[in-house]
Amino acid sequence: MLLKESDLYQIERCRAPEIESVMAFINDHWRKNHILSTHKTLLRWQYVNPETGDVNIVLGKERKTGEILGILGYVPTTRFDP
């Protein structure tokens, strides 16, 4: 059976309980002791919508294990300018 990429990977929005895993990913794959891997308050200020609690980070994961393979954080312009 030939697997398609969609069978191997999934892309989804980060949920609040996954923030620790995102911080570990940043530490392991970006730079050790990167500010976003050591300062949870800053990461939450930058990427969590204070009104809805949504985390503005997209995760690329290995479907079978749930391992994070990549992340993309985004800051909506409304975060700073209504």
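What follows is a dialogue on how to read the features of a predicted model.

Biologist: I am new to this structure. How many helices and strands does the protein chain have, and which pattern do they follow?

Modeller: Welcome! The protein chain holds four helices and three strands, and their order reads α-β-α-α-α-β-β. Keep in mind that this is a predicted model. Along its principal axes, the C-alpha trace spans about 50 × 30 × 20 Å.

Biologist: What share of the 82 residues is buried?

Modeller: Buried residues account for 28% of the 82 in the protein chain. The label applies to residues under 20% relative accessible area, while exposed ones are over 50%.

Biologist: Let us turn to charges. What is the general idea behind a salt bridge?

Modeller: Side chains of opposite charge can pair when their charged atoms come close. In this model the count comes to four salt bridges.

Biologist: Which residue forms a salt bridge with Glu12?

Modeller: Glu12 pairs with Lys61, and their closest N and O atoms are 2.8 Å apart. Glu12 belongs to strand 1 and Lys61 to strand 2 (residues 57-62), so this pair ties together parts that are 49 residues apart in sequence.

Biologist: Are these two residues buried or exposed, or something in between?

Modeller: They fall into two classes. Glu12 is partly exposed because its relative accessible area is 24%, whereas Lys61 has 7% and therefore counts as buried.

Biologist: Which other residue forms a salt bridge with Lys61, and how far apart are the closest N and O atoms?

Modeller: That is Glu18, with the closest N and O atoms 2.4 Å from each other. This pair also links distant parts of the chain: Glu18 sits in the loop between strand 1 and helix 2 (19-29), Lys61 is in strand 2, and 43 residues separate them. Both Glu18 and Lys61 are buried.

Biologist: Which residues are linked in a network of salt bridges?

Modeller: The network joins Glu12, Arg15, Glu18 and Lys61.

Biologist: Where are the partners of the salt bridge between Glu20 and Lys40?

Modeller: Their side chains meet at 2.8 Å, N to O. Glu20 is in helix 2 and Lys40 is in helix 4 (residues 40-47), 20 residues apart, so to speak a link between distant parts of the chain. Glu20 counts as partly exposed because its relative accessibility is 47%, and Lys40, at 34%, is partly exposed as well.

Biologist: Now the inside. How many cavities of 30 Å³ or more does the structure hold?

Modeller: The structure has one cavity of that size. The space in the largest cavity is about 40 Å³. Its lining is made up of Val22, Ile26, Trp30, Leu36, Leu43, Tyr47, Ile57, Ile71 and Gly73. Helix 2, helix 4 and strand 3 (68-73) are the elements that each give two or more residues to this lining.

Biologist: What classes of residue make up the lining of the largest cavity?

Modeller: Sorted by class, there are eight nonpolar residues, one polar and no charged.

Biologist: And what about the largest pocket: what is its volume, and which residues line it?

Modeller: The largest pocket has a volume of about 180 Å³. Gln46, Tyr47, Val48, Asn49, Pro50, Glu51, Asn56, Pro76, Thr78 and Arg79 line it. That lining divides into four nonpolar, four polar and two charged residues.

Biologist: Which residues form a nonpolar patch on the surface?

Modeller: Leu8, Tyr9 and Leu69 do, and together they have about 260 Å² of accessible area. Leu8 lies in helix 1 (residues 5-8) and is partly exposed, with a relative accessible area of 31%. Tyr9 lies in strand 1 (residues 9-13) and is partly exposed at 41%.

Notes: Residues are numbered from 1 along each chain as its sequence is written. This is a predicted model: local features need pLDDT of at least 70, side-chain atom pairs count only at pLDDT 80 or more; totals for chains, interfaces and linings use all residues. Side-chain values use heavy atoms; hydrogens and water are left out. On a 1 Å grid over the protein atoms alone, a cavity is a set of points where a 1.4 Å probe fits but cannot get out, and a pocket is an open set with protein on both sides within 12 Å along at least five of seven lines; lining residues have an atom within 4 Å of a point. Grid points are joined across faces, edges and corners, and a volume is the space filled by probe spheres set on the points. Ala, Val, Leu, Ile, Met, Phe, Trp, Tyr, Cys and Pro count as nonpolar, Asp, Glu, Lys and Arg as charged, and the others, Gly among them, as polar. Patches are made of residues with over 30% relative accessible area and no salt bridge: like charges are joined within 9 Å, nonpolar side chains (Val, Leu, Ile, Met, Phe, Trp, Tyr) within 5 Å. Accessible areas come from the Shrake-Rupley method with a 1.4 Å probe; for residues, only the protein chains shown count as cover. Buried means under 20% relative accessible area, exposed over 50%, partly exposed in between (1.4 Å probe, protein chains only).
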